[in-house]
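Please read the numbered points with the sequence and the coordinates at hand.

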Amino acid sequence: MSDRVGTDVQPEIDVDLQPAEPAPVGPPVIDARGLEKGFDDHVVLRDLTLYVQQGEIYGLIGPSGSGKSTAIHLMCGHLSPDSGAVEVLGRDPAHFDAKTKRRIGYMPQGLILNPDLTVQQNVRFAAGLYGVWPWLRRRRVRSVLELTELWPVRKRATRSLSGGMQRRLALAAALVHEPYLLFADEPTANLDPILRAKLWEHFQGMSDQSRALLITTQYIDEAENCDRVGLMHEGALIAEGRPEELRRQAFGGDVVDIVVERQALDHAQTVSSVEGVVGAEMPHDESVRVTVENAQVAIPMLIEELEESGATVRSVSQYQPTFDEVFIRLIEQHSGEHLTSDQLQLNQSEGR
Amino acid sequence: MRPFIQTLAVMVKELTELLRRPLLVLTLVLGPLLVMILFGIGSDATFAPPRTLVVLPPGEDKPALLQRYERQFKSSMRIEGYTDNEAAARERLRLNTIDAVMIVPPTPEETIGQGGQVRIQVLYNEIDPLQRGLVPQFMNAMATEVNREIFLQNTRAQQGGIGNATREIDSALRTMDTAIEAAEAGDREGALQQLDQARATNERLDAYLDSLGPEAGTLDPLRDRTREQLQEGRDRLDQGESILATPDPRPASERFGLVQARDNLQQLRDSLTQVAAVRPEVLLSPIVVEARYVAALQPDLITYFAPAMLALLIQHTAVSLGALGMVRERLANTFELYAVAPITNLQLLIGKYLAYILFTAAVMGALLVVLVGPFGVPIIGDPWRVALTLSLLTLTSIGMGFLISLLVSSERTAVQYAMLSLLGIVFFSGFALPIESLRQPALTVSYILPATYGSQLLQDIMLRGLPGRDLYIWVLGTLSVVLFVACWLLLRLRTRAN
């Protein structure tokens, strides 16, 4: 599903061209360099290098089995890398002290809480495990259970919860001690769109409090909620950057859709000679899709060139490819094969 | 403060978890307890006499021997019936519908009357090694009882004959006195007459003494000597002239040997009196063992087994719960949470230990109340020593459970190991069989089990009022420390990054 901006006017120009935000500065909260990990003869992580800054939401996106969870396990200290190094909050995860661990929240993909305990007992236990003072515990427990909409079922045994509820419980347990850094492995999986939006709002709130989050997801459109995104495929980080940067990276620049009156002309041929044009194609007779290095600079020249060739430009709009398209394209570029989202097992969320 | 909060959180979580699985707790704790109470109530720890079929010679009625000594027979065997068909009796024995076949020979009373020994054959085919020796034991006990009765009756009858013998000796003594007087008065004919009379009396005496049977055998030398002296006196009286012609300062009665013969008769009488004075029971059993029970308490079956049962239940409960406690978390990946949480393995282990100690203490308390209250099991010794033993036993057993939990890879295997430990206690801790009856390598297993030390200590303290062996206390203490350290090291290994 494409996202078009603009209306059919003579010619109407509607593009959103903001200057790139400066990259965050300061010591990284997570600093991973060249991490490699394999199990038996199977390599699951190849040369992973990434950093996460204070107050940043970093999204690790990729199909199932791409190495996202292994990356989190390495950063939490569950697993040791075969090679490479990682520092989290300035320390090697293999030697985290209690103080550092208290600053980290961890939500794994599977349920690691006790299925026999109630929802509230499990979160209370997690709070105790992280040393939350007893006088704060009651309020904190209630707060995270309300956030995850589990408060009404707080007395239900965990084993009787649905899969989605169990994930919310895991998230509640990871948040109850108000961590400075949250590792969340697919926190929004199997959740309804409204709750997902609510959770992302909470994550944004955490980010606003200068807390850092490393979140994995298979919902590629959730990438837009992240400050930076890393795309993983077959154990490798094949692309990384702000969401807009990834779009540009996938298509080689800005994509501009120009609608012209129907004329038997090869508009693609016409615009390809304009300076800054990377590529052009005609999905329909009436429109031409042009990829340019910089839309702001190229659009006036494109209009001029088309009108000089006798075409009537009716509208110009910047094409916003979905992240589905972006990631498929990036993975295709990386692997050199044509893939579909089904093949990649990437999920597109509903209702977004 | 934070480490305390974290350890407490683990403890509370463990206890909550236990309380949320009441069925498991009931099965683990109350199940074995009820089984043992039923066993205690339903068993008196005695063995029933063997069911016996008596085979009589064809055509013979039940022998008088069996009728006369029926009480002795019935106390040692349960007579199922009488038959003259030995083959049928053997077949019933083979089919295990009876425990023994007793084959009585023909006319047993006559055999005994003729001084013969009656040989009763007993057949049995018990395959239980513990009970195999019981049939011969019961039968031997019966034979001993019957033999004793027969002997006592015979002896009493024989002692009645001693009175007649004594009267004959008294008569002989009087005759000898008259003979001595006659000899002293120079009435040799008179002395001879009296002496012949005394010899006739002595022959009757011999007949009485012979009727006393072998028991009077001790008198034989005296009887022989008396007989010889009486004969010698007569010979000397016959040679009266020549003897009197021989210079001898002694009185004539002595020179004729009449005084010596009389003294001998007197000795025989004294000896007979002594024999008659001995009770037949003494003659039968000159040495009697008198065993006296001097323990402070004479426990019944429930009381005796109560301390061992307590030790067994504590070990079983703690091992089972401990074995399930860790393995469940390992399988549920809760260890992943422990690995990232700011809790050390030591805190985690202490938290879990505390929870299980509290839980087991509650179970222990309840068991003690039941045992001391309704079942009246006493605590004669120091209650603090009981508490120390129970605490160490709990610690060691929890350690064993956790060790199993950290070694196995599934909940089912953990349960199997816990059951194995229960079987180990039943067979090797002295619960079913005394440890003294075990040999290597079973003994080694016994001394690996905490319940072995626990039950010995608890029995000594509770039932004997002793402090219990310090060595056992030290062994339990050392085991608990070793197991704690082993669990801690294994836990570190389990939560270490791969």
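1. In this predicted model, V377(B) is buried, because 23 other C-beta atoms lie within 10 Å of its own and 20 or more are required for that description. The residue belongs to the loop between α16 (345–372) and α17 (383–407) of chain B. Leaving aside residues up to four places away in sequence, V377(B) touches T303(B), A306(B), L371(B), V372(B) and M462(B).

2. For helix α20 (residues 450–464) and helix α21 (residues 470–495) of chain B, the axes come within 10 Å and cross at roughly 145 degrees. The crossing of α20(B) and α21(B) is left-handed. On the α20(B) side, P450(B), Y453(B), Q456(B) and L457(B) take part, and they meet Y472(B), I473(B), V475(B), L476(B) and L479(B) of α21(B). By class, the residues of this contact are eight nonpolar and one polar, with no charged residue.

3. Buried residues in α12(B) are L258(B), V259(B), A261(B), R262(B), N264(B), L265(B), L268(B) and L272(B).

4. The domain assignment divides chain B into domain 1 (2–42 + 302–495), domain 2 (51–130) and domain 3 (153–284). Taken over C-alpha atoms, the centres of domain 2 and domain 3 of chain B are separated by 49 Å. For chain A, the assignment gives domain 1 (3–20 + 252–321) and domain 2 (30–247). The C-alpha centres of these two domains of chain A lie 42 Å apart.

5. Chain A contains eleven helices and 15 strands. Of its 352 residues, 45% are buried. Among contacts in chain A with a separation of 6 or more, 70% are made by residues 24 or more positions apart.

6. Most residues other than glycine have a negative phi. E149(A) is not a glycine, yet has a positive phi of about 60 degrees; E186(A), likewise not a glycine, has a positive phi of about 55 degrees. E149(A) is placed in the loop between α4 (134–147) and α5 (163–175) of chain A, and E186(A) in the loop between β8 (181–185) and α6 (193–208) of that chain. Are these residues buried or partly exposed? E149(A) is partly exposed, with 17 other C-beta atoms within 10 Å, whereas E186(A) is buried, with 23.

7. The last point concerns the interface. Contact between the chains involves 25 residues of chain A and 22 residues of chain B. On the side of chain A that touches chain B, the elements giving two or more residues are α2 (98–102), β7 (104–107) and α3 (119–129) of chain A. The most is given by α3(A), with four residues. By class, this side of chain A has 14 nonpolar, eight polar and three charged residues.

Terms used. Residues numbered from 1 in each chain as written. Chains lettered and ligands numbered in written order. Predicted model: local features only at pLDDT ≥ 70, side-chain atom pairs only at ≥ 80, totals over all residues. Buried ≥ 20, exposed ≤ 12 C-beta atoms within 10 Å, placed from the backbone. Contact = placed C-beta atoms within 7 Å. Nonpolar A, V, L, I, M, F, W, Y, C, P; charged D, E, K, R; others polar. Domains from an automatic or database assignment. Axes fitted to C-alpha atoms, helices over the stretch in contact; angles between N-to-C directions. Left-handed = near helix turned anticlockwise from the far one by under 90°.
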